[in-house]
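Here is a briefing for a reader new to this structure. Start with the view below, then take the points by topic.

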Amino acid sequence: MQALMDDGTVEFFNLTNAAEAGAMPDERLVSAGPAQGFSEVTFGVTRQYLAKGVDEQVDMVIQIWPEAVRPKIGQVAILTDCEYQENADGDQFRIDDVRKIQEDELEFFQLTLRRLEDNYALLGE
């Protein structure tokens, strides 16, 4: 395990419908808490193969310290300040799995992420 969470920054968001009543849905992102550091986890071919077997996609696995915000499945994670970042405003991922891990008396969350095809706008933009 990598104790330093210095591979980039992650912030978690909830989706909300910003449309007026009766209008077509307009899903926007609302911050679920402050940004924090993360470390990327290398995962093996077996994990990727098993995901494909149940028609799921695993683009990235990250670890974060258990801080004020506990991430939830279905939230959107925006990763910034990281290697291979594609978008200037950060890369958006859906959280598909959250696991609380305890290793060597350290506790952290391990998140399985799937890259979003279409990015959401922040509420207020």
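The lining of the second largest pocket has 5 nonpolar, 1 polar and 5 charged residues. In this count, Ala, Val, Leu, Ile, Met, Phe, Trp, Tyr, Cys and Pro are nonpolar, Asp, Glu, Lys and Arg are charged, and the others, Gly among them, are polar. The model is predicted: local features need pLDDT of at least 70, side-chain atom pairs count only at pLDDT 80 or more, and totals for chains, interfaces and linings use all residues. Residues are numbered from 1 along each chain as its sequence is written, and side-chain values use heavy atoms, with hydrogens and water left out.

**Pockets**

- The second largest pocket has a volume of about 170 Å³.
- Its lining residues include Glu-40, Asp-59, Tyr-84, Asp-91 and Arg-115.
- The largest pocket holds about 240 Å³ of space.
- Its lining comprises 14 residues, and Ile-78, Asp-89, Gly-90, Gln-92 and Leu-122 lie nearest the centre.
- Two or more lining residues come from each of β1 (8–17), β5 (76–80) and β8 (121–122).
- With 3 residues, β1 gives the most to this lining.
- By class, the lining of the largest pocket has 6 nonpolar, 5 polar and 3 charged residues.
- A pocket is an open set of points on a 1 Å grid over the protein atoms alone, where a 1.4 Å probe fits, with protein on both sides within 12 Å along at least five of seven lines; lining residues have an atom within 4 Å of a point.
- Grid points are joined across faces, edges and corners, and a volume is the space filled by probe spheres set on the points.

**Fold and strand pairing**

- The chain has 1 helix and 8 strands, where helices (H or I, at least four residues) and strands (E, at least two) are DSSP runs numbered from the N terminus.
- From the N terminus on, the order is β-β-β-α-β-β-β-β-β.
- β1 pairs with strand β2 (residues 27–31) in the antiparallel sense over 5 bridges; pairing needs at least two bridges found by DSSP.
- Leu-15 stands opposite Leu-29 in β2.
- β2 also runs parallel to β8, joined by 2 bridges.
- There, Leu-29 stands opposite Leu-122 in β8.

- Of the chain's 125 residues, 33% count as buried; buried means under 20% relative accessible area, exposed over 50%, and partly exposed in between (1.4 Å probe, protein chains only).
- Asp-91 lies in strand β6 (residues 91–103).
- Asp-91 counts as buried because its relative accessibility is 2%.
- A polar atom of the Asp-91 side chain lies 2.9 Å from the backbone nitrogen of Asn-87.
- Leu-113 sits in strand β7 (residues 106–115) and is buried, at 0% relative accessibility.
- Trp-65 is in the loop between β4 (60–64) and β5, and is partly exposed at 25% relative accessibility.
- Trp-65 and Phe-109 are 44 residues apart along the chain, yet their C-alpha atoms are separated by 6.3 Å.

**Confidence**

- The mean pLDDT of the chain is 86, and 86% of its residues reach 70 or more; pLDDT is the predictor's confidence in each residue, from 0 to 100.
- Among the elements, helix α1 (residues 45–53) has the lowest mean pLDDT (52), and β5 has the highest (97).
- Where pLDDT is low, predicted coordinates should not be read in detail.

Definitions and conventions. A polar contact is a pair of N or O atoms within 3.5 Å; within protein, one must be able to donate a hydrogen and the other to accept it, and residues adjacent in sequence count only if both atoms are side-chain atoms.
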